[in-house]
Amino acid sequence: MDMTFDFYLPVVWAGLIATAVAMYVVLDGFDLGIGILFPFARKEADRDQMMNSVAPFWDGNETWLILGGGGLWVAFPRAYAIIMPALYLPVIVMLLSLIFRGVSFEFRWVAKPKHGHWDFAFAAGSTVAAFCQGLILGGLIQGIAVENGAFAGGTWDWLTPFSLMCGAGLVCGYGLLGATWLIMRTEGEVAERGRRQARTILLVVLAFIAVVSLWTPFNFERVATRWFTAPNIYYLWPVPLVTVGLAFVLWRSLDRGGTVAPFFATIGLFLLSYMGLAISTFPLMVPPNVTVWQAAAVPASQIFTLIGVVFMLPIILGYTAFVYWTFRGKVKPGEGYH
Amino acid sequence: MDLDPVLIARFQFAFTVAFHIIFPSFTIGLSAWIAALLVVWKRTGNQRYRELAQFWTKVFAVSFAMGVVSGLVLSYQFGTNWSRFSDVVGNVVAPLIGYEVLTAFFLEATFLGIMLFGWNRVPSWLHVLSAILVAFGTMTSAFWILSANSWMQFPVGHVVRDGIAYPDDWLKIVFSPTFPLRLAHMLTAAYLTTSFVVLAIGARYLLAGKHEAYARIMLKMGLGMAIVLAPLQAFIGDQSGLVVREYQPVKLAAIEAHWEAEAKGPVPLVLFAWPNEAEERNDYQIAIPYLGSLIITHSLTGSYPGLKAFPPEDRPPLWGPFFGFRIMVGIGFLMIFVAWAGGYLWWRGHLETNRAFLRVASWMWPMGFIAVLSGWIVTEVGRQPWLATGILRTADAASPVPASVVLTSLILFIVVYGIVFSFGIYYMNRLLVRGPVPHAGDEGEPSGPDHPAPGRPLAAVGPSGREAYRGGGS
């Protein structure tokens, strides 16, 4: 095995995990978003409709989170062993919140007509889980104290204004995904409310994107170096520009009654922001010091699992697409699936 | 406060994993049972099998959701509470978990969507296929998790450099020596557990005189499986004992509370005792001569090393393996007895009318779960003090996280699991009490799988997938 092989294998894995996390953020993002928007729909029929629109998919969506976490352990065991203890409390609280909102999908229906507390569990669980994921993201970006390859910081290191802002930002981002999903997949009052909410949330989300884009280079020198030095700046300048363009497209299509375009424009917005963060961070696996190469598992482990990924990922994507296609079309008020 | 973070982390893992295992051991069996019902329906066209499948799918959905969320916790706990473990054996164990996600989790989770919501949305063959794929996914999941666990029990195919385990031969790692029988033991346990639940619910309905047509099917299908699986499980268990003797002698000594290092045979079988670890002997022992030798060495005079042959720091705590094993085996024999008694009554034609048998059968539903939990206590406590035998001790595997933080999360888990799982079990029980719902009330009118009975109002023929699976919108 030559140098280039040892060089590229961890990079390929970093790309795969980034893809799994992106899939998770987009897919579970909209169904967490439905939970975040739940309190704003008061009528039971509206809530039924909202939940129906994601019920067949949520379980598969959440599996990407297991792939993200599992993949991190497979390919970068040392990073996994640093990140999890460092972000202990946000991870645990996220898991507990996901428990509440996950079981609500079943419990809410079997509990009827006494299901009020499961409505609350669904909304609160979704919101807190999204907030914790933002804390995890922020905690990771701002960096983790590491000594001798192990976490060496304190219990509350992750708790900073920056991570709190990332938490709030992600709640709004998921809310936008949820609202545009409702525009695409529902009709009547629910879809109209989604459209009204999407417009407001979009402005808030754009503000968050702007703040993060300014905060990270000013606060973390490595980010500034990455973006603002030649020759990087020549390649990277389109990223913020395309982001602004896409935000404009999204705003217009919300205004003009677009149904499908807002959702996909929001996904685009998410992916661009995500790419921006990846550009800021790569090749660090655990900022500020641990790179993908330092955190990587031995090639034998990475290759063994990579073979499985190469065979299974297309199949997984295939049947995931198939299920989405099976349950395509609008969920109408007062109607389940026929 | 002087808390031991390792002890709290162990208690937390034991608590969450014990909660979790209840649901997979039910859903592995239940998904196979639902798939079987649907296949019978497709072949015979008897609508009752479809309605039974719909009914059990509701129970399955609740159980599966609890299995998913409690399993998600575990996949992150390796990192949060056991980061040294993740680091030291991550190169070997993590890929096995990775394969579980790739080959099982996505399959189950995705086709579950079709299984729950596709009753009238997809062609019936595809719906049946989805149920089969979900059942296959749950089985595949068991394959990988047992593979990872077996490697931790008796690691092979790896090399240790600077305290870190690296893979050397994947085939040996995946199929480590204790793996095949442990997988067979676990899968059979799951199917047996479900068989007794199905049998018990059928018996409950017959005793109450409710849902009798469905109850008869459940009684006979559950009992039929139990008659075959209960003795099969005893055989697999016995064979597993031989494997433990060969690869994990200290665990065997703990299970049997057998102390003497170099005792000559014959060795008695300890039925009951109070193991006294401080003085290295058993108090209040009741034992049968020769039987220990016969069961463990399959000869009347054979012997095997006792606990004193191993240094005290390498011995597992005794209470778990010793008592857990006796509870598991006791339930195993009870299951064989009940299954065969039912078989005899069936043969004599009294199965559905013998109320004493039905009563006993209706109490049998928790037995499989208790046996599964006891069995896992035997195997996991019996592996102590190692996390991965010979590579990493449990005491060295925890995360650099303060005890107070681990304790906080432990309390949160206990509270949340207490709430969520009490409700889950309550709802499952409520679904079971309510029972299956016949199509549009016209019981007895058979209709083929692809030809819903004519003459019904459209809404009744095809209740929406949502309603069909939510219990007829009641």
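Biologist: How many residues does the contact take from chain B and from chain A?
Modeller: The contact takes 76 residues from chain B and 63 residues from chain A. Please keep in mind that this is a predicted model.

Biologist: What is the area buried between the two chains, and what share comes from carbon and sulfur atoms?
Modeller: About 6,500 Å² is buried between chain B and chain A, and carbon and sulfur atoms give 75% of that area.

Biologist: Which three residues of chain B supply more of its buried area than any other three?
Modeller: They are Tyr76(B), Phe106(B) and Arg121(B), which supply 13% of the area that chain B buries against chain A.

Biologist: As the model is predicted, what is the average pLDDT of chain A?
Modeller: Chain A averages 87, and 97% of the residues score at least 70. Confidence in chain A is highest in helix 7 (residues 161-185), at a mean of 94. It is lowest in helix 10 (residues 232-236), at 80.

Biologist: And what is the mean for chain B?
Modeller: Chain B has a mean pLDDT of 84, with 92% of its residues at 70 or more. Among its elements, helix 6 (residues 179-208) of chain B has the highest mean, 93, while helix 14 (residues 458-461) of chain B has the lowest, 32.

Biologist: Let us turn to the helices of chain A. At what angle do helix 3 and helix 14 of chain A pack?
Modeller: Helix 3 (residues 58-75) and helix 14 (residues 299-326) of chain A pack at about 170 degrees, and their axes are 13 Å apart. That angle makes helix 3 of chain A roughly antiparallel to helix 14 of chain A.

Biologist: Which residues meet there?
Modeller: From helix 3 of chain A come Asn61(A), Trp64(A), Val74(A) and Ala75(A). They meet Gln302(A), Thr305(A), Leu313(A), Ile316(A), Leu317(A) and Tyr324(A) in helix 14 of chain A. By class, the residues of this contact are seven nonpolar, three polar and no charged.

Biologist: What about helix 8 and helix 9 of chain A: how far apart are their axes?
Modeller: The axes of helix 8 (residues 189-219) and helix 9 (residues 221-228) of chain A are 5 Å apart, and the packing angle is about 110 degrees. Helix 8 of chain A is therefore roughly perpendicular to helix 9 of chain A. In this contact, Thr216(A), Pro217(A) and Asn219(A) of helix 8 meet Glu221(A), Val223(A), Ala224(A) and Phe228(A) of helix 9. The classes there are four nonpolar, two polar and one charged.

Biologist: At what angle does helix 9 of chain A cross helix 12 of chain A?
Modeller: Helix 9 and helix 12 (residues 261-281) of chain A cross at roughly 105 degrees, and their axes come within 8 Å. These two helices of chain A are therefore roughly perpendicular to each other. Arg222(A), Val223(A), Arg226(A) and Trp227(A) in helix 9 of chain A meet Gly276(A), Ile279(A) and Ser280(A) in helix 12 of chain A. This contact has three nonpolar, two polar and two charged residues.

Biologist: Now the strands of chain B. How many bridges join strand 1 to strand 2 of chain B?
Modeller: Four bridges join strand 1 (residues 158-161) to strand 2 (residues 164-167) of chain B, and the strands run antiparallel. One of the pairs is His158(B) with Pro167(B), the latter in strand 2 of chain B.

Biologist: Which residue of that hairpin takes a positive phi?
Modeller: Asp162(B) does, with phi near 50 degrees, in a hairpin that has two residues between the strands. Asp162(B) is not a glycine.

Biologist: And how many bridges join strand 3 to strand 4 of chain B?
Modeller: Six bridges join strand 3 (residues 269-276) to strand 4 (residues 281-288) of chain B, and these strands run antiparallel. Trp274(B) has Asp283(B) in strand 4 of chain B as its bridge partner. The hairpin has four residues between its strands, and Glu280(B) in the turn has a positive phi of about 55 degrees.

Biologist: One last topic, cis peptide bonds. Where is the one that ends at Pro288(A)?
Modeller: The cis bond runs from Pro287(A) to Pro288(A), with omega near 5 degrees. Pro288(A) is in the loop between strand 3 (284-286) and strand 4 (290-291) of chain A.

Biologist: Which residue does a cis peptide bond join to Pro385(B)?
Modeller: Gln384(B) is joined to Pro385(B) by a cis bond, with omega about 5 degrees. Pro385(B) lies in the loop between helix 12 (367-381) and strand 5 (386-388) of chain B.

Definitions and conventions: Residues numbered from 1 in each chain as written. Chains lettered and ligands numbered in written order. Predicted model: local features only at pLDDT ≥ 70, side-chain atom pairs only at ≥ 80, totals over all residues. Heavy atoms only, no water. pLDDT = per-residue confidence, 0-100. Axes fitted to C-alpha atoms, helices over the stretch in contact; angles between N-to-C directions. Parallel < 35°, antiparallel > 145°, perpendicular 65-115°, else oblique. Contact = heavy atoms within 4.5 Å. Nonpolar A, V, L, I, M, F, W, Y, C, P; charged D, E, K, R; others polar. Pairing = 2+ DSSP bridges. Buried area = accessible area lost by both parts, 1.4 Å probe.
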